Amino acid sequence: MIYLDNAATTWPKPQQVVTAIEEALVHKGGNAGRGGHGAAMQMARLIYQTREDLCVLFGTNNPTRVVFTQNATYALNQALFGILQTGDHVITSSLEHNAVARPLWALKQRGVEVSEIPGVPGEEFDLEVYNKAFRPNTKLVVTLHASNVTGTLLPVKQIGQIAHEHGVYYLLDAAQTAGVFPIDLGHLPVDLLAFPGHKGLLGPQGTGGLIVKSEIRLESLIYGGTGSLSEEDRQPDFMPDALESGTLNGPGIAGLGAGVRYILSEGVDKIRVREQALCRKLWEGLREISVVKLYGSDMVERRSPIVAFNIGEFDSIEASHILEEEAGVIARAGIHCAPHAHRMLGTLQLQQGVIRFSPSHFTSEEEIEAALQAVRRVAEELS
Amino acid sequence: MSESSSMLYGKLKEYRALLTFPSLADVMHAEGILTCLDCPSAVVRTPSSLRSSCNSMSLCLPLESKAIIDELINEGVVFTGLYEAREDGFFSLEW
């Protein structure tokens with residue numbers, strides 16, 4: 001099997017991640033925050049260590065503002081429903097994943113006004129239109145960092161700066177960039193950062209989080225036991241307990257911490273350069289196949305490690321099925337839970353979708369060459 | 001002073017200052033800073049007379065080190081109280 005679907009979830013994971021999860025399950029299985037005994041404290045320390053590791057990675061210094069969730073979607077929902085109320089206005093992009101598009105649709109039904117900044121391939125976020133989109137009731141700007149369809153990066157620094165000039169918070173969805181691109185909250189004008197644990201951070205599925213800057217208070221999505229203020233019916237208002245009801249995924253978070261420490265030891269830049277070199281090889285190889293249509297900028301070094309393409313007019317789902325069946329190449333096809341981005345690309349209207357290759361730094365050059373060879377063969381067969 | 005008398009336990013017998021916090025994450029935040037400052041400390045369960053909760057943990061530290069609380073505040077640590085632990089109860093402390 002040649003696994004090229006790391007944009008959906010990275011695999012394989014570093015051995016350190018596997019070891020950390022096993023260590024937590026076998027030796028540190030208490031329930032953090034539920035009792036002050038040694039087993040609970042062992043797990044609590046593992047979880048807290050991961051908060052600290054994430055602070056180092058994301059250039060922030062308050063571990064209590066790191067909220068653990070089961071994925072980036074939950075973190076985005078927590079931020080959006082926690083901050084927006086009826087009558088508020090929110091600005092977003094035309095590239096969003098359903099993790100943002102669907103909660104915004106639901107909020108719109110509750111009286112939240114939503115503006116989507118238009119874009120076209122090559123100019124995916126019109127800053128001039130954006131600058132004029134602010135209203136007196138604008139409370140939040142939310143965008144992804146990089147498209148999960150083409151890897152296109154949005155100008156997040158400018159987007160955040162403009163939001164702040166208007167006194168508006170900026171929520172960044174780092175699903176495709178956390179662990180691959182440097183994200184320094186000490187310098188980036190980002191107020192809320194949502195991230196998955198199981199993609200670029202190399203942790204297990206079922207992990208993710210939200211970093212909330214200190215001046216922001218969010219209403220919790222769910223309420224319940226936190227182990228703190230147990231004598232009171234009201235939810236604690238202090239972080240992270242306010243937003244972390246119920247037992248956390250301790251073993252998963254331990255694995256996430258190991259993934260983050262692995263990234264810190266390897267270096268984000270080294271990982272990204274390796275992945276982009278593999279994407280360059282993919283891009284150049286695919287470009288030589290006459291019937292292949294590539295999407296996004298040819299500057300693969302300025303995108304997250306994704307290469308999106310189609311083989312002629314063929315259905316992407318069918319083509320990817322053949323790639324797997326004939327050559328064991330695992331790719332994601334279809335519309336990638338991102339109909340807005342596909343509408344911009346024109347691949348939604350054609351009901352074609354795209355095939356997406358997304359290597360990791362563990363992918364070998366030989367695997368890339370084998371995947372290219374498979375596409376050449378399938379292109380010949382389908383032509 | 002707390003209403004009930006105390007029976008000192010764990011490191012509280014040795015360190016007689018007790019620092020209480022809103023959340024477990026705050027306890028660990030403070031513990032990490034005290035370690036960096038070479039100040040001995042220990043995580044202990046919060047006595048029920050000070051807070052009834054199912055996971056409430058506190059930090060105890062040597063009474064003579066109580067001035068270090070200012071350093072914790074400077075580092076952004078949030079805490080709810082500082083007490084002297086005696087055989088006859090917990091008494092609010094100033095530093």
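The model is predicted, so local features need pLDDT of at least 70, side-chain atom pairs count only at pLDDT 80 or more, and totals for chains, interfaces and linings use all residues; side-chain values use heavy atoms, with hydrogens and water left out. Residues are numbered from 1 along each chain as its sequence is written, while chains are lettered from A and ligands numbered from 1 in the order in which they are written.

Of the 95 residues in chain B, 54% count as buried; buried means under 20% relative accessible area, exposed over 50%, and partly exposed in between, with a 1.4 Å probe and protein chains only. Contacts (heavy atoms within 4.5 Å) can also be sorted by separation along the chain. Among those in chain B between residues at least 6 apart in sequence, 72% join residues at least 24 apart.

In chain A, helix H6 spans residues 156-165, and its buried residues are A:Val156, A:Ile159, A:Gly160, A:Ile162 and A:Ala163. Viewed down the axis of H6(A), these buried residues fall within an arc of 165 degrees, so they line one face of the helix; the arc is that of the directions from the helix axis to the C-beta atoms. The buried residues of H6(A) pack against helix H5 (127-132), strand E5 (138-144) and strand E6 (169-173) of chain A. After H6(A) comes A:Gly167, which has a positive phi near 70 degrees.

The loop between E5 and H6 of chain A contains A:Ser147. This serine counts as buried, at 1% relative accessibility. The side chain of A:Ser147 reaches the backbone nitrogen of A:Thr150 at 3.2 Å. Leaving aside neighbours within four places in sequence, A:Ser147 is in contact with A:Leu95, A:Thr152, A:Gln176, A:Ser304 and A:Ile306.

Some backbone angles deserve a look of their own. Most residues other than glycine have a negative phi, and most peptide bonds are trans. The peptide bond from A:Trp11 to A:Pro12 is cis, with omega near 10 degrees, and A:Pro12 sits in the loop between strand E1 (2-3) and helix H1 (15-27) of chain A. Another cis peptide bond runs from A:Met239 to A:Pro240, with omega near 0 degrees; A:Pro240 is found in the loop between strand E8 (208-212) and helix H7 (250-266) of chain A. The loop between E8 and H7 of chain A also holds A:Leu229, which has a positive phi of about 50 degrees although it is not a glycine. A:Leu229 is buried, with a relative accessible area of 6%. In chain B, Phi of B:Asp38 is positive, near 60 degrees, and this residue lies in the loop between helix H1 (24-36) and strand E2 (42-45). B:Asp38 counts as exposed, at 70% relative accessibility.

On a 1 Å grid over the protein atoms alone, a cavity is a set of points where a 1.4 Å probe fits but cannot get out, and a pocket is an open set with protein on both sides within 12 Å along at least five of seven lines; lining residues have an atom within 4 Å of a point. Grid points are joined across faces, edges and corners, and a volume is the space filled by probe spheres set on the points. The largest pocket has a volume of about 620 Å³. It is lined by 28 residues, of which A:Thr152, A:Leu153, A:Leu154, A:Pro155 and A:Arg302 lie nearest its centre. H6 and helix H10 (339-345) of chain A are the elements that give two or more residues to this lining.

There are 3 cavities of 30 Å³ or more, and the largest cavity has a volume of about 220 Å³. Its lining comprises 18 residues, with A:Ala32, A:Arg51, A:Glu244, A:Leu248 and B:Leu24 nearest its centre. Helix H2 (38-58) of chain A and H1 of chain B are the elements that give two or more residues to the lining of the largest cavity; H2(A) gives the most, with 4 residues.

Conventions: A polar contact is a pair of N or O atoms within 3.5 Å; within protein, one must be able to donate a hydrogen and the other to accept it, and residues adjacent in sequence count only if both atoms are side-chain atoms.
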